[in-house]
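Subject: the model, and what I found in it

Hi,

Here is the structure I promised to pass on. Have a look at it first, then read my notes below.

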Amino acid sequence: MLPGARCSITNGDGILPGGGERLIEEELEGGITSDSRCDTPFQLYIPCISCVSEKFVPNVSLNLPSGPLIESLTSQTGWSCDQRDDRKSVVCSPCHRGSSSNAADASCKECPAGGYYQDGIGASNCKLCDNGSFVNYTGGISLRECRVCPGGTDLGRHAGYRACFCKEDNTRTHRFEGCKPCLHEGVNCSRDYQYLQSGYYWNWSYPGVNLTEYHKFVLNLQTENSSYSIESVGYQYEMPVVLSCSRSASCKNNNSHTYEGIAGWCDVGYRGWLCSKCQKGYYSVLNVCNECPRLWVVVLQLVIVLSLIVGTFVAIIRQHSRVDDQKSHRSMVATFSARIKIMLGFYQVVGELAESFHEVSWGSALVYLGEIISFLEFHILKLLVRPSCLHEALDIDPILEFEISLLAPVGTILLSLVIYLVCRLYLKQWKRHNYKVLSERLGRTKSWLYTYILLFFFVTYPPTCAAVFELYPSACETFTVVQGSNQTITLLRSDFDIDCENLRAYQVGAFVATGLYVAAFPVFLFYLLWKYCKKDSIPHPLTDSCLEKPSDVTDGDEEDATQQIDSGQTDHHQGAPPPLNNDRPGTPGDDSDDDHMEATLQQIDSSQTDHHHDIPVWLDFLCENYKEQFWYWEIVELVRKVVQTMMITLFGWGDSLVKLFTIGASIVFPILNVKLSPITSRFEQKLQVFSLTVILANILVAAIPLSDESYVQVVSSVLITLDMSLFVVMAGEALVTLYGMIRRAYYTRRWNNPYMGIN
C-alpha cells in the first residue's frame, strides 16, 4: 500500500464504527498490507482489512425494481450509474476526488489539466485553482497540486484550460508550458500563438516545419473547454521565418488567425513567393496584378501599341533620312526627336524605379496611369506582357527576356543586311540602273538601315542593360526559411519563381554581354560622335558643329525667324520684285563691296552645307539638340539612365550604400545640367532639368519609407501626377505647335490665292 492510502476495516457487518477508520489511517500512514489478519495498535482482532486509494468511493448496488431511487440518483449531479450485464441491477457510485459530473454528463469526468481540481467526492463541478496557478495533469485532487504558472504567462488571470494565458506580445508552442517573447516582426501573438500580420509572408514547404501539426495545435489551442485533445497540446517542430512582402498590399493575410488562414493569404490575383507573381488570368503593370480584359480588348491594345511603335520608328527614320540643304532652320522632326529623347530617358528610369517601389500605392484609377508610364517607358518586352492573358506560356520571365534582349540586336543587324542585299539585287538585276543611280539609291538604303539600327539600339539600350544586370549573382537574394536553422534559399530578385542555383550558365552569359554590349555600345557611339561631330567639325561664329541654329536662339526666336522667312517668300510670290544690288543700303555704286559681301555669305552657306554633309543623317539625331562643345552629351545621358537603375537592379533597396549612391547620382545630374546647360533650346533644357528633378523625387520616395500610412495615398497621388506631368507638358506644347502650323498654313494659303480674300 502506498503512503497516504486509506484503509477500510470491516468486520463483516460494515465499516468499523467509532472513528476507527480515521485512527487507523493516522497510525498506519507508513503503510499496511492487505493480509486477511492484522494486529493493530488497538490490540483488536480485525477479520479483514481492504486497502484503497485516495480516489476510493463506495459502490451502491440497486435492483431494477427500485426505479424511483435510481432516477433520483441519476438525476442528481456528482454520481455515475452503470447497468450490470444481467440487466437486473444497477451499480451507482459518487464521483471520486479529482472528478465531477453534471446533468450534461452521463458519467464522472476527471478535472481537466489547467486551473481545475476537486478534493471531494460526488462533486458536480471542479474547483478553481488560484489565479496564476495550474495543474499540469488531469484529475487534480488538492489545492496543493496547483502550482505557479511558468514564465511569460499572465499570473493575474485564471489559468483556464492551459498553463495560464500568455502575457501581451508572448507566444507558446505548448499548451502547458511557458511563453516566450514574440520577437519576430510581422507576426501577431495576441492569441497565444503566432499568426501573420498583413504585409508579411512565410512558407511552410521546407524541411523542419510542419503545417499540418501546427494546424492541429492552433485548432486545439482555440478550444476553450475540456473537450480539447490531449494529443495535440504542443507543436514540436520549428517555425518558418517571417518575411516582409515587397508590396505589402499583395500579402493580404485575411483571417490568418483562423485554422484555414494560418498559412497566410495572398490578395486576389497574386501568388508565389512574397505574393509577387500574378495568378493565371491576371497581368502585371508595375508589379500590380490586374485582371485580364476580354480577348478582343487584348488583341486591339497589342495592335495599337505595335502600330504606334512601328509608326514612330518609321516616321523618325524617314524624316532623318531626308537631306534638305536649303533649310537653315531647325526642322519640326528634329525638334520632335529631341523631345522624344528627353521623354524616353525620363520614363525608362521612372519605369524601372516604379517596379521597385514599396510605398507607392497603385490603387484604383492610378493603375491606368501606371499603364501609361509602362507604355512610355518604351520597353518592348514589357509592352508585350499582356499576351500572357492570351496564354500562360506567353509570360516573359527574366531568363527569356535576357535571351531576347541579346538576340534582338543580332537579329536587327542580320535583318538589315538581308534587306540591303535584297534591295541591291533588285536594283541591279531588275531595274538595271547605271552605276551612278545604283550607288545613289543604295546609299539612301544604307542610310535608312543605319538609322533603323542605331535608333533600335539607342531605344533598347537601357532595358537591355537591365535584362543583363538582372541575372548577375548580386541580383539574387538569399532568404533564411526556418527559424533557428541555417537553411536558406537563393532566388532571383526580379522573379522569385527562379532559383539562382540553376542560373550559372546565364550568369556567365551576363558577364560576357556586359563586355560585348553594355560597355562596347557607348564606346562605339562615342567614337562615332567624336569622328563626325568633333574631329571634322568646322567651327564658325554663325554655325554650330552639331546644330542647325545658334545656341542663343530659343524656340520662340526660331519661330519668329521662320515666320519672317515665310513672309519674305510670300511677298516675293505675290510679285514684289527681288531686291537689286543697287537698291541695297550703302554707298551708291560701290559694287565691289556688295560683291565681297555676297561672296562671303555664299562661302558661309557653302561651309555650313558642307559641314552638315559631314554628319551622317543617321547620326544627326544624337547630337542635333546639343551645343557644339557638348557633342558627347548623349553618351552622358545613356550612362545616366543605366547608372540610376543599375545599383537598384543589382543590390535592391535593402543596402544603405545603394540608396546613398542612387540618391547622390540623382542629385549630381540635375546640378550638371543646370550648371553646364548643354541643350541648345531653352525649353528643352528646362524640360530636361524638370525631368531629372522628378526622377530625384521618385528615388527619395522609394528609398525613404513613410512612417505614417495615412500619407501613402497622398504621396502616391502627388508622385504619379509629377510622373505624368512631363508627358502632359510635352503633349500640350506639341498641340500648340501643331495648331500654330495649321494656322500659318491656312493664312498663307489664303494670302497666296489671288481668288481668296482675307476677312
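Below are my notes, going from the whole chain down to single residues.

A word on the source: this is a predicted model, so local features need pLDDT of at least 70 and side-chain atom pairs count only at pLDDT 80 or more, while totals for chains, interfaces and linings use all residues. Residues are numbered from 1 along each chain as its sequence is written, and side-chain values use heavy atoms, with hydrogens and water left out.

The whole chain

The chain has 18 helices and 26 strands; these are DSSP runs (helices are H or I with at least four residues, strands are E with at least two), numbered from the N terminus. Of its 759 residues, 43% are buried. Here buried means under 20% relative accessible area, exposed means over 50%, and partly exposed is in between, using a 1.4 Å probe and protein chains only. If you take the contacts between residues at least 6 apart in sequence, 63% of them join residues at least 24 apart; a contact means heavy atoms within 4.5 Å. The chain exposes about 40,700 Å², with carbon and sulfur atoms supplying 57% of that. Areas come from the Shrake-Rupley method with a 1.4 Å probe, and for residues only the protein chains shown count as cover.

The cores

The largest nonpolar core has 44 residues, and Tyr461, Leu529, Leu619 and Leu622 have the most contacts inside it. By nonpolar core I mean a set of buried Ala, Val, Leu, Ile, Met, Phe, Trp, Tyr and Cys residues joined through side-chain atoms within 4.5 Å. The elements giving two or more residues to this core include helix 8 (398–431), helix 9 (435–469), helix 11 (520–535) and helix 14 (617–623). Helix 9 gives the most, with twelve residues. Leaving aside neighbours within four places in sequence, Leu529 is in contact with Lys534, Leu619, Leu622, Cys623, Trp631 and Ile635. There is also a second, separate core of 38 residues, which includes Val209, Ile262, Tyr270 and Cys278.

Ser416 is in helix 8. At a relative accessible area of 3%, Ser416 is buried. Its contacts, again leaving aside neighbours within four places in sequence, are Leu449, Tyr452 and Ile453.

Salt bridges

Side chains of opposite charge can pair when their charged atoms come close. The structure holds 14 salt bridges, each being a side-chain nitrogen of Lys or Arg within 4 Å of a carboxyl oxygen of Asp or Glu. Three of them are worth a look.

- Asp192 and Arg162 meet at 2.8 Å, N to O. The pair links distant parts of the chain, 30 residues apart, with Asp192 in the loop between strand 16 (187–188) and strand 17 (195–196) and Arg162 in the loop between strand 13 (147–148) and strand 14 (170–171).
- Glu477 pairs with Arg493, the closest N and O atoms being 3.6 Å apart. Glu477 is in strand 24, and Arg493 is 16 residues away in the loop between strand 25 and strand 26 (495–499). Glu477 is partly exposed at 29% relative accessible area, and Arg493 is partly exposed at 22%.
- Arg640 and Glu637 meet at 2.9 Å, N to O. The two are separated by about one helical turn, because they are three residues apart in helix 15. Arg640 counts as buried at 1%, and Glu637 is buried at 5%.

A loop serine

Ser485 is in the loop between strand 24 (476–480) and strand 25 (488–492). With a relative accessible area of 29%, Ser485 is partly exposed. A polar atom of its side chain lies 3.1 Å from the backbone oxygen of Val482, and the side chain of Ser485 also reaches the backbone nitrogen of Gln487 at 3.5 Å. Ser485 and Glu238 are 247 residues apart in sequence but 8.8 Å apart in space, C-alpha to C-alpha.

Leu295, Val299, Val303, Leu390 and Leu394 make a nonpolar surface patch of about 410 Å². Patches are made of residues with over 30% relative accessible area and no salt bridge, where like charges are joined within 9 Å and nonpolar side chains (Val, Leu, Ile, Met, Phe, Trp, Tyr) within 5 Å. Val299 sits in helix 4 (residues 295–320) and is partly exposed at 40% relative accessibility.

Cheers

Conventions:
A polar contact is a pair of N or O atoms within 3.5 Å; within protein, one must be able to donate a hydrogen and the other to accept it, and residues adjacent in sequence count only if both atoms are side-chain atoms.
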